[in-house]
4 protein chains.
Amino acid sequence: MPVSVASEKLGIWMVGACGNVAATAAAGLVALQKGIAPLTGLVSELPPFAGIELANWQGMVVGGHDIRKPCLLQTADRLASERVIPAELLTACREELVAIEANIRPGVAYRCGQQIRQLADVQVADEAAVAPRQLVSQIQDDLLSFRKQHGLDRIVVVNLASTEPTLPADSAEAAQLTPTTWPELEPHLDTVGSAQFVASSLYAIAAFELEMPFVNFTPSVGASSEALENLSQRKNICHAGRDGKTGETLLKTVLAPMFAHRNLEVMSWVGHNIFGNLDGRVLDHPDNRATKVATKDKVLGSTLGYDPQTLVSIEYIKSLGDWKTAWDHVHFSGFLGTSMTLQFTWQGSDSALAAPLVLDLARLTDRAAGAGEIGTLAPLACFFKSPQGSSQHDFFEQHRALLEWVSELS
Amino acid sequence: MPVSVASEKLGIWMVGACGNVAATAAAGLVALQKGIAPLTGLVSELPPFAGIELANWQGMVVGGHDIRKPCLLQTADRLASERVIPAELLTACREELVAIEANIRPGVAYRCGQQIRQLADVQVADEAAVAPRQLVSQIQDDLLSFRKQHGLDRIVVVNLASTEPTLPADSAEAAQLTPTTWPELEPHLDTVGSAQFVASSLYAIAAFELEMPFVNFTPSVGASSEALENLSQRKNICHAGRDGKTGETLLKTVLAPMFAHRNLEVMSWVGHNIFGNLDGRVLDHPDNRATKVATKDKVLGSTLGYDPQTLVSIEYIKSLGDWKTAWDHVHFSGFLGTSMTLQFTWQGSDSALAAPLVLDLARLTDRAAGAGEIGTLAPLACFFKSPQGSSQHDFFEQHRALLEWVSELS
Amino acid sequence: MPVSVASEKLGIWMVGACGNVAATAAAGLVALQKGIAPLTGLVSELPPFAGIELANWQGMVVGGHDIRKPCLLQTADRLASERVIPAELLTACREELVAIEANIRPGVAYRCGQQIRQLADVQVADEAAVAPRQLVSQIQDDLLSFRKQHGLDRIVVVNLASTEPTLPADSAEAAQLTPTTWPELEPHLDTVGSAQFVASSLYAIAAFELEMPFVNFTPSVGASSEALENLSQRKNICHAGRDGKTGETLLKTVLAPMFAHRNLEVMSWVGHNIFGNLDGRVLDHPDNRATKVATKDKVLGSTLGYDPQTLVSIEYIKSLGDWKTAWDHVHFSGFLGTSMTLQFTWQGSDSALAAPLVLDLARLTDRAAGAGEIGTLAPLACFFKSPQGSSQHDFFEQHRALLEWVSELS
Amino acid sequence: MPVSVASEKLGIWMVGACGNVAATAAAGLVALQKGIAPLTGLVSELPPFAGIELANWQGMVVGGHDIRKPCLLQTADRLASERVIPAELLTACREELVAIEANIRPGVAYRCGQQIRQLADVQVADEAAVAPRQLVSQIQDDLLSFRKQHGLDRIVVVNLASTEPTLPADSAEAAQLTPTTWPELEPHLDTVGSAQFVASSLYAIAAFELEMPFVNFTPSVGASSEALENLSQRKNICHAGRDGKTGETLLKTVLAPMFAHRNLEVMSWVGHNIFGNLDGRVLDHPDNRATKVATKDKVLGSTLGYDPQTLVSIEYIKSLGDWKTAWDHVHFSGFLGTSMTLQFTWQGSDSALAAPLVLDLARLTDRAAGAGEIGTLAPLACFFKSPQGSSQHDFFEQHRALLEWVSELS
């Protein structure tokens, strides 16, 4: 570990760099660098984190991939009109965002489904005619250029792209045929159109091979296979994921422990989510939605110790834009079997909730890498709906684990 | 400590024995003894408590005081019609409840305000013409008779009576004149109409002098003065309190830590509570309500580290009966200052939520007494809105402290 | 028209006689006859209806069909445990309900889908091997026996059975091939397995041929085809329908006119319905649900004058039983394009809301028949989600039309 | 009536011209004149109003009184930051708003309570040392100058100022002593510090004496006394009021008729309102709030035909700014006495809801004056919480009455 990571330069490479979360994170980072944004929402700025040396906002540089023509500013302007990014803040940061937009390169769209593919307006390789290795190389070239151009000491790669359909190889049957070690999987990279990969896993591979940490903030498969875990360990690099826990699911993992600790029996838990951003439009396709719902629906059983009836829906309602509204109805049974109800409505900006966690995760994953951590970073579970390396969904247990880890690092 | 507390007989003496909470707890206990009620809602039946020997349901006997003519069955019948107690369960337990009703003695109504006093239909002493010591003796006579009549090994006294107006001596100015040791306070017991006491503190004194533990499940002052703490320590007995945390406040102490851990800034937290039981009717008087609102409104600041604007109301809406409905509106600020909102509606039976905690607290306080604990039982903080002996309001920190204590006891 | 319909005997024949709505209507009717139920919920007992002579509660007799073995009492008992029917009321009416149960005959299950068919525990004809005419005759035999046995002056047939999948012939393409007159349709009754009919239309045909009015309280097709309208006119009989408007949709048709009259633009209207009764279980099948959602989703456009984005879901959540909970989120735009939100949660007993309307509709349809009304009864639109004979969905316009009709009748 | 009112110049004189509603109305009017705002929210732009000739937006000029130094632009800027007025729209209208700000004159603060008086930063006469007539003259001078300066054909005076405490003379006892004719009341104008008037009634008197129509959009007393009605009739001028119906109360008058028409019994109706604008700060004082709550709480009884238990609160929560959030809980009883619940949450911009109604009322009152209407304009009841001249609170009956009136005028 260097004498001071804080004084060095850290690149944050965002996959899906023109999306809402990326634009909010980028605008927020610039505002932090200029000292014109409050620290609200940043976990890594809370007192328990004061004891560990984290990358300084000043030294961070943003770049990324997107399958759309660079439109970071356009996205940021839209978010300003949707009152996610304050208009005056955006005006003050515009120049720096133009510079960030220049760091965005054409991404890859390998086997990520029609719903995502049709968003592409840069040329993306025909997935039936390309060997995945070629795409990995393209990604790596972009990462290395970015490092060189900006004189970066380190890079963290963060996946913020739209949710891919579930990898067929993710299913139980397919799992048996799936390579579980890197040496077994690697040769498939040379097979044109190989079904062993999706775009998000190619990004993870690219990062790992370059010994860069990888954060999967989406429900896509990313680095969550055994073979990729194996690769990360071989490369002595760490990674974290899966699917940022920002709203309704966060509340589930906060409230479920209360029911458990009070011995109240949850009979049913219904959650309806509506929102109108691009993520919503992609999730409007059943294949992509299935991936998402799966990660949202697993959190109760492990905390409660039994499986109540659950229902989770995510629906695209255009007029809401980035404002995700969730209604949850929890029907529970108390003493003498008396039925009672808790309902909540959550009205939050999806991107304003996610963006600071992206910055936090970049800092924490970078710090973990500096400390020599290898493989899945289980102590970061509290940031994710489907925490890799942890079966703990109770937010407060996750939080305690995070603080213990921070305490060990300091 | 006896070889097995579980096989002995424990008396639970309920102050306010004809109220909703007492009737639900009594009916529930009988149902547990008959094996016809599920264990839902009972914290002390959760796995972590398996390691400590707690009083067995079978050996428990209920008695109590009330300023109304014994009407436990009438209350229970009303609760059945309000679907708090299942009708068939009540039918099965009726005989035993008749026996419990026979254990109810006329209570005292010393300086507890007009709103409560007018509920009395037994003869209660004129508070301007009686020395408090006389009332303490009356209470003690009843406790000793109860012990003798039922051959009880131990008794726990639990205050479930309506909320008294705040004791003038509770105010900051008055606090300086208030005796802080038992030897200073005790002589006032002989002053006719002394303003140093209210009914709830007389019950606590009566219990402590008999070396019985005392639980204050209400916001009334009970044993929370320095002089009574001093008495409990002199008598080597323990006590716990203040104001059972069952609904809206429970949720506040569950959700506030989430906002804190995510560095989200709560700008305002509004909570409106409506319900129509007797507790609600008593709280409809501003004096009594002031006592309650004070305990509900303090929980946020200590967890958040700052004081957001708060508003708490409790209103009597007759048609709701025992069903307390709370609407909370939390307005918070996230990344880049973006305002967001969480609202929840809680619809719970006040008594069905409180009753199992009363049984839990009787068991746990009895166990603590058996283990020789003295004075305030801070580890029971998670059960209370205004935990005595603890400034911790975060439910999960409180819960962890409880489990640590249980672990030490086992 | 007789001198006094009020003194005569009216039979109410319920299709789906063992379901929740039928059981609640039957128990309610008996309670009204005994004078032990309030008139709450009965529209026909409001002042404007005092001027027309409606069938007296005393003279009404209930019978019906069901494809389950008679289990009216079992249903009523379950509803009492779900606090839809008060337990003591049910006890007082038990004897009369036993008598009603004896009037229930095995129903038909023609082409009503697997989800419904599997509920049958009486022998139902194989739909691939029976001519619909045979089933119509069976229904008519039961109706005539009922009339004879109880010396009834008149009978109204009310469809309360589970929602059938949409008749293929209901679709736009099929519509062209569908017979539009009774003489064209009638011969198909003799075709074994004819796709021209479903159970609900067979009941309507049976009623019309016997010159009995028919009420379709469900979203099933019933009498809503042109050919059945033609039959009703040929037989000089009237009918009303489709799909009782009891909860969320009622609110939509109450609130949408407000937005229209204030020139507020509804951008999106999302409605999620959860409940756990049999109706819910049947609707859990996509085919049956499609029929229902279609009727719920059409009400906004005609009132607003434009089609906002809408979403309607109906989901089966077992723990809720008969208690339908709906959450609606209305996103609207006001002056200067400012976005605002109205949310509501409706928690109602599906059966307690529907049952009085069933009794009202029986009385009003009977009265209309007595007044010589023929064909679709458009003035009853306010009772239905998909009012036949009317494109008016504004509840207050519908209500005004009802009062005008009542005024003309008196 | 002139050949075409549409081509003439109409002055809209706003009392409270620097408040949120006035600023939104002024900005909106300018935007309408420029053709850059949609017609959303404007009732008078709906099809039924096409048949009557209303003042054209182009010919309208805004002026007004305020007891604060002119700060219309400051208010508008704040509203833009609160996302009530779109920022770009405000930019486009800035020049015209500067011109409007120049039309604002120092207002009067006669007997309107400390809560309002302390807002004044212009010199306001000492109410104990001034004869009301002097203030009326001051107001009239300003109105006449405004008319002359802008060559206006007509002026409508609209009261948008903060809610005054209830006039003592408004109470039942005082009512007997209160003059009921203008000749009786007028001499009091010369009494220094007379208790017969408050600021809002002085504005009404000033308008009526100049034969200008007056609209009271607030709960203050304004023109609602018998003596002022008498004055308006003597002057052959019309007026309308009291308290714009924009949010929670609008919903009450929309939903209550539904319960009535379905014979559902409302047992209790609780409404909690929270918001953080200046109006909220003024209403935070119990005197001012009493005036407001009274007008909000009367609407149910007349529609339902009985008085359910009601509770209405209005609380100042600073963080909400202009965004009024209301939670209503309606507990009602249906068939067989089954209890059910409807809850709604309304999240609306107070000013964006009120402003278009202000413009509508100016147009409609002006049109009525042109048509020779005299005294209270009862057909405008649908715009008000406490409609003068009407006891009808049912929104749809009110709306029908409005359309009938419009139809008579055309």
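Biologist: Which element of chain A gives the largest share of the side that touches chain B?

Modeller: In this predicted model, 62 residues of chain A are in contact with 61 residues of chain B. Several elements of chain A each supply at least two residues of that side, among them helix 1 (20–34), strand 9 (323–333) and helix 14 (350–370). The largest share, eleven residues, comes from strand 10 of chain A.

Biologist: How many salt bridges are counted between chain A and chain B?

Modeller: The two chains bury about 4900 Å² between them, with 68% of it on carbon and sulfur atoms, and on the side of chain A the residues that lose the most area to chain B are A:Arg262, A:Phe335 and A:Leu336. Across the interface there are 20 residue pairs in polar contact. For salt bridges, which need a side-chain nitrogen of Lys or Arg within 4 Å of a carboxyl oxygen of Asp or Glu, the count between chain A and chain B is zero.

Biologist: Which residue of chain B stands opposite A:Phe344?

Modeller: Strand 10 of chain A is joined to strand 10 (residues 339–349) of chain B by seven bridges, and the two strands run antiparallel. Within this pairing, the residue that A:Phe344 faces in strand 10 of chain B is B:Phe344.

Biologist: Which residue with a positive phi follows helix 9 of chain B?

Modeller: Helix 9 (residues 226–234) of chain B has buried residues that include B:Ala227, B:Leu228 and B:Leu231, and what covers the buried residues of this helix includes helix 8 (199–209) and strand 6 (238–241) of chain B. After helix 9 of chain B comes a residue whose phi is positive, near 55°, and this residue is B:Asn236.

Biologist: Why is strand 9 of chain C largely enclosed by the rest of the structure?

Modeller: From strand 9 of chain C, residues including C:Trp323 and C:Trp327 point one way while others, including C:Asp328 and C:Phe332, point the other way, and all are buried. Strand 9 of chain C is joined by nine bridges to strand 7 (residues 265–275) of chain C, and it pairs in the antiparallel sense with strand 10 (residues 339–349) of chain C over eleven bridges. The strand is largely enclosed because the buried residues of strand 9 (residues 323–333) of chain C number eleven of the eleven.

Biologist: Which residue is the bridge partner of C:Trp327 in strand 10 of chain C?

Modeller: Strand 9 and strand 10 of chain C form a hairpin with five residues between the strands, where C:Leu336 takes a positive phi near 60°. In strand 10 of chain C, the bridge partner of C:Trp327 is C:Thr345.

Conventions: Residues numbered from 1 in each chain as written. Chains lettered and ligands numbered in written order. Predicted model: local features only at pLDDT ≥ 70, side-chain atom pairs only at ≥ 80, totals over all residues. Heavy atoms only, no water. Contact = heavy atoms within 4.5 Å. Buried area = accessible area lost by both parts, 1.4 Å probe. Polar contact = N/O pair within 3.5 Å; in protein donor to acceptor, adjacent residues only side chain to side chain. Helix = DSSP H or I, 4+ residues; strand = E, 2+ residues; numbered from the N terminus. Pairing = 2+ DSSP bridges. Buried < 20%, exposed > 50% of the residue type's maximum accessible area, 1.4 Å probe, protein only.
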